[in-house]
Amino acid sequence: MSEPMRYSTPPVELPLRMEREPVPVEGCAGCVEPAAVRSRARAVGDMTTVSDCNVYLRRHPEGHQG
């Protein structure tokens, strides 16, 4: 059996993402609701929901040209 580690390991450094948030496309019904939810979530400090809305806005294709 090996000896247990008796020293702390350095912290894991994650990259800092500097991407801009997706902007809702004007006239796109699929952008309206997640953008509104994102605004409300940010107002109450719910950054998990803000992130989820950003992912949805980036991935949904309806109403967008090329």
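A residue counts as buried when its relative accessible area is under 20%. The legends below describe a predicted model.

**Figure 1. Val-50, a buried residue of helix H2**. Val-50 has a relative accessible area of 2%, so Val-50 falls under the 20% limit and is classed as buried. The residue belongs to helix H2. Apart from neighbours within four places in sequence, Val-50 is in contact with Glu-21, Arg-38, Ala-41 and Arg-42. The C-alpha atom of Val-50 is separated by 8.9 Å from that of Ala-35, and these two residues are 15 residues apart along the chain.

**Figure 2. The packing of helix H1 against helix H2**. Helix H1 spans residues 29-43 and helix H2 spans residues 47-59. The two helices pack at an angle of about 160°, and their axes are 8 Å apart. H1 is therefore roughly antiparallel to H2, as angles over 145 degrees are assigned to that class. The crossing of H1 and H2 is left-handed. On the H1 side, the contact comprises Gly-30, Cys-31, Pro-34, Ala-35, Val-37, Arg-38, Ala-41 and Arg-42. On the H2 side, the partners are Thr-49, Val-50, Cys-53, Asn-54, Tyr-56 and Leu-57. By residue class, the contact of H1 with H2 consists of nine nonpolar, three polar and two charged residues.

**Figure 3. Asn-54, a buried residue of helix H2**. The relative accessible area of Asn-54 is 8%, which means that this residue counts as buried. Asn-54 is located in helix H2. When residues up to four places away in sequence are not counted, Asn-54 touches Glu-21, Pro-22 and Arg-38. Arg-38 is one of the H1 residues in the contact between the two helices, and Arg-38 is also among the residues in contact with Val-50.

**Figure 4. Pro-22 in the segment before H1**. Pro-22 is buried, because its relative accessible area of 13% is under the 20% limit. Not counting residues up to four places away in sequence, Pro-22 touches Arg-38, Asn-54, Leu-57 and Arg-58. Of these partners, Arg-38 belongs to the H1 side of the helix contact, whereas Asn-54 and Leu-57 belong to the H2 side.

**Figure 5. His-60 in the segment after H2**. With a relative accessibility of 6%, His-60 counts as buried. Residues up to four places away in sequence being left out, His-60 touches Cys-28, Gly-30 and Cys-31. Gly-30 and Cys-31 are also among the H1 residues that meet H2.

**Figure 6. The chain as context for the close-up views.** The chain contains two helices and zero strands. Of its 66 residues, 18% are buried. The accessible surface of the chain comes to about 6,000 Å², and carbon and sulfur atoms account for 56% of this surface. Among contacts between residues at least 6 apart in sequence, 46% join residues at least 24 apart.

Conventions: Residues numbered from 1 in each chain as written. Predicted model: local features only at pLDDT ≥ 70, side-chain atom pairs only at ≥ 80, totals over all residues. Heavy atoms only, no water. Axes fitted to C-alpha atoms, helices over the stretch in contact; angles between N-to-C directions. Helix = DSSP H or I, 4+ residues; strand = E, 2+ residues; numbered from the N terminus. Parallel < 35°, antiparallel > 145°, perpendicular 65-115°, else oblique. Left-handed = near helix turned anticlockwise from the far one by under 90°. Contact = heavy atoms within 4.5 Å. Nonpolar A, V, L, I, M, F, W, Y, C, P; charged D, E, K, R; others polar. Buried < 20%, exposed > 50% of the residue type's maximum accessible area, 1.4 Å probe, protein only. Areas by Shrake-Rupley, 256 points an atom, 1.4 Å probe, with all protein chains shown as cover.
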